[in-house]
Amino acid sequence: MQLAFLVLQLADGRSRYFLASIITVLQLFKTLHRTRQQVFKNDARALEAARIKINEEFKSNKSETSPKKIEELIKIGSDVELLLRTSVIQGIHTDHNTLKLVPRKDLLIENVPYCDAPTQKQ
């Protein structure tokens with residue numbers, strides 16, 4: 001994601017630099033919520049907890065003006081989204097000691113076994 005800066009004129013005439021990637025921040029916010037909905041599908045408790053956490057993190061950093069800090073926060077948010085999308089699998093308790101895993105289709109990849117010995121060409 002490319003970051004750009006926008007100069008906004010305030011009423012008193014002073015210029016302040018704000019991250020014009022407000023669009024990037026909003027896209028990240030939406031992407032995190034979409035990923036949350038896919039990853040925690042049919043789990044109301046996890047959906048609500050993730051929603052609250054995402055909203056809290058964005059609210060707590062809402063007044064951040066340092067471009068470096070904002071860039072760092074965007075990177076952290078992108079990493080979290082990637083981690084959620086690629087590493088989280090839902091599990092459903094079926095019995096006392098049994099857990100049924102429900103992987104999403106995008107997590108199921110072709111599993112090609114590794115072969116130590118080179119194959120003979122004929």
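Here are some questions and answers on confidence, helix packing and strand pairing.

Tutor: This is a predicted model, where local features need pLDDT of at least 70, side-chain atom pairs count only at pLDDT 80 or more, and totals for chains, interfaces and linings use all residues. Residues are numbered from 1 along each chain as its sequence is written, and side-chain values use heavy atoms, with hydrogens and water left out.

Student: How do you know how confident the predictor is in the protein?

Tutor: Look at pLDDT, the predictor's confidence in each residue, from 0 to 100. The mean for the protein is 80, and 75% of its residues reach 70 or more.

Student: What makes residues 1-17 a stretch to treat with care?

Tutor: Their pLDDT stays under 50. The model has 29 contacts for them beyond four places in sequence (contact: heavy atoms within 4.5 Å). Where pLDDT is low, the predicted coordinates should not be read in detail.

Student: Why are helix 1 and helix 3 called roughly parallel?

Tutor: Helices here are DSSP runs of H or I, at least four residues, numbered from the N terminus; strands are runs of E, at least two. Axes are lines fitted to C-alpha atoms, for helices over the stretch in contact, and angles run from 0 to 180 degrees between N-to-C directions. Helix 1 (residues 22-39) and helix 3 (residues 67-87) cross at roughly 20°, and their axes come within 10 Å. Angles under 35 degrees count as roughly parallel, over 145 as roughly antiparallel, 65 to 115 as roughly perpendicular and the rest as oblique. Therefore helix 1 and helix 3 are roughly parallel.

Student: Which residues of helix 1 and helix 3 meet?

Tutor: Among them are L28, L32 and V39 in helix 1, and I74, V80 and L84 in helix 3.

Student: What makes helix 1 roughly antiparallel to helix 2?

Tutor: Helix 1 and helix 2 (residues 44-60) pack at about 165°, with axes 9 Å apart. That angle makes helix 1 roughly antiparallel to helix 2. The contact includes F29 and H33 of helix 1, and I54 and F58 of helix 2.

Student: How do you know that strand 3 and strand 4 pair?

Tutor: Two strands pair if DSSP finds at least two bridges between them. Here 4 bridges join strand 3 (residues 90-93) to strand 4 (residues 99-102).

Student: Which residues stand opposite each other, and what joins the strands?

Tutor: H93 stands opposite L99, and G91 has L101 as its bridge partner. A hairpin of 5 residues joins strand 3 to strand 4.
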